[in-house]
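Me: I am new to this structure and would like to know what the terms used for it rest on. Please take my questions one at a time.

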Amino acid sequence: MAIKTGIAAQFGIVDQTDYDTAGTVDRFYEFNSETLKNDIGVIESRALGRGRFLRSDRRKVFSRGGMGQVTIPVMNKGMGLILEHCIGQNTVTGGGAAKTHTIIPDAAALQGQAFTAQVGKPDVGGTVRPFTFEGCKVKNWELKADIGGELQLIVEIDSKTVVTGTSLASASFPSTAEKFVFTEGVIALNGTTQFVKGFSLKGDNALATDRRGMGNVKREPLAAGLMRITGNLNCEFDDLTRYAAFIAGTVLASLTLTFTLATVIPTTATPYSLTITIDDLVYTGDTPAVGGPEVVQNPTPFEAVYDGTNPPVQIVIVTSDTSS
């Protein structure tokens with residue numbers, strides 16, 4: 001018997017060979033919360049001629065698949081796979097114990113990529129009930145960090161089917177894993193460190209998730225629009241620099257957020273780290289406003305733009321993981 005609360009919950013994923021073939025989850029993540037559910041459609045007949053009430057035999061339901069979010073604290077190990085499904089591709093390099101995972105958008109726009117996700121949801125009887133989401137694709141994702149908090153990854157998932165008959169997988173986690181927190185983060189623009197109180201970055205993969213046909217057959221969601229990468233810098237009103245760049249439509253280069261742990265990778269002198277790079281961006285913000293006697297804030301939303309050569313977003317993880 002498990003603990004009868006969310007303490008006993010678990011979340012894991014595994015790569016699928018294709019959109020239609022589910023797998024057994026074997027990569028597990030600590031998570032803060034989840035809202036994954038079976039999206040149920042209802043068809044009701046309210047035709048005239050049989051009275052003024054909805055008849056019990058004129059109502060049918062069907063599943064549109066799964067949907068929802070999971071919020072994951074970003075760790076120094078095990079993150080390559082989920083970030084690969086968020087963004088596109090992960091290239092692992094490095095000849096020694098320290099490996100570099102370089103995650104960028106892929107040319108095929110996530111086509112052919114899918115994963116199985118399973119959430120273990122404890123009931124009050126002490127049984128962890130497995131909800132398995134097959135044929136998962138990441139609709140959108142967000143990385144965020146605020147003062148006093150951890151770096152978090154929020155993933156919104158669409159899945160082909162949801163089943164409860166698959167056995168609960170046995171969860172295991174990397175040893176000596178650590179999370180990245182705000183004290184370990186530095187934000188720089190063109191190499192110059194910025195004073196920022198909070199950071200968020202969102203990616204919308206613009207997937208057509210409604211490819212459903214007769215017989216309730218769902219096809220793989222495909223990219224049906226431009227991928228948008230947007231974010232926000234929570235800044236104080238330092239001067240007119242950000243405002244001037246906003247009203248001029250200036251294209252700015254090389255925004256980086258780097259988290260570096262004090263812990264080094266075993267047998268090396270290399271610390272675990274994670275770096276998010278936006279190669280080019282434009283501010284999409286507003287004029288700073290005075291809301292009272294407090295320090296005037298200058299929230300700075302932005303959007304990544306593509307220069308035709310360099311990836312608009314790149315995440316580099318230096319870790320001991322030898323593969324995604």
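Me: Which element gives the most to the lining of the second largest pocket?
Reply: This is a predicted model, and in it E11 gives the most to that lining, with three residues. The second largest pocket has a volume of about 210 Å³ and is lined by 15 residues. Ile-147, Phe-182, Gly-185, Ile-187 and Val-196 lie nearest its centre. Strands E9 (128-146), E11 (185-189), E13 (198-204) and E19 (252-264) each give two or more residues to the lining. By class, the lining has nine nonpolar, four polar and two charged residues.

Me: What lines the largest pocket?
Reply: The largest pocket is lined by 18 residues, and Pro-105, Leu-226, Met-227, Arg-228 and Pro-312 lie nearest its centre. Strand E18 (228-234) and strand E21 (300-304) are the elements that give two or more residues to this lining. The volume of the largest pocket is about 320 Å³. Its lining has 13 nonpolar, two polar and three charged residues.

Me: What makes the contact between Glu-303 and Arg-228 a salt bridge?
Reply: The closest N and O atoms of Glu-303 and Arg-228 are 2.9 Å apart. A salt bridge needs a side-chain nitrogen of Lys or Arg within 4 Å of a carboxyl oxygen of Asp or Glu, so a pair at 2.9 Å is counted. The pair links distant parts of the chain, with Glu-303 in strand E21 and Arg-228 in strand E18, 75 residues apart.

Me: Why is Glu-303 called partly exposed?
Reply: Its relative accessible area is 21%. Buried means under 20% and exposed means over 50%, so a value of 21% falls in between and Glu-303 is partly exposed. Arg-228 is also partly exposed, because its relative accessible area of 44% lies between those cut-offs.

Me: Why does Val-61 count as exposed?
Reply: Val-61 has 52% relative accessibility. Val-61 is in strand E5.

Me: Which residues form a nonpolar patch on the surface with Val-61?
Reply: Ile-40 and Val-42 form the patch with Val-61. Together the three have about 240 Å² of accessible area.

Me: What makes helix H1 mostly covered?
Reply: Eight of the eight residues of H1 (residues 80-87) are buried. They are Gly-80, Leu-81, Ile-82, Leu-83, Glu-84, His-85, Cys-86 and Ile-87. Since buried means under 20% relative accessible area, each of these residues is under that value. Just after H1, Gly-88 takes a positive phi of about 155°.

Me: How many cavities of 30 Å³ or more are found in the whole structure?
Reply: The search finds six. About 100 Å³ of space lies in the largest cavity. Its lining is made of 13 residues, with Phe-28, Tyr-29, Met-75, Lys-77 and Pro-174 nearest the centre. Strand E2 (27-28) and strand E5 (59-73) each supply at least two residues of the lining. By class, the lining of the largest cavity has nine nonpolar, one polar and three charged residues.

Terms used
Residues are numbered from 1 along each chain as its sequence is written. This is a predicted model: local features need pLDDT of at least 70, side-chain atom pairs count only at pLDDT 80 or more; totals for chains, interfaces and linings use all residues. Side-chain values use heavy atoms; hydrogens and water are left out. On a 1 Å grid over the protein atoms alone, a cavity is a set of points where a 1.4 Å probe fits but cannot get out, and a pocket is an open set with protein on both sides within 12 Å along at least five of seven lines; lining residues have an atom within 4 Å of a point. Grid points are joined across faces, edges and corners, and a volume is the space filled by probe spheres set on the points. Helices (H or I, at least four residues) and strands (E, at least two) are DSSP runs, numbered from the N terminus. Ala, Val, Leu, Ile, Met, Phe, Trp, Tyr, Cys and Pro count as nonpolar, Asp, Glu, Lys and Arg as charged, and the others, Gly among them, as polar. Patches are made of residues with over 30% relative accessible area and no salt bridge: like charges are joined within 9 Å, nonpolar side chains (Val, Leu, Ile, Met, Phe, Trp, Tyr) within 5 Å. Accessible areas come from the Shrake-Rupley method with a 1.4 Å probe; for residues, only the protein chains shown count as cover. Buried means under 20% relative accessible area, exposed over 50%, partly exposed in between (1.4 Å probe, protein chains only).
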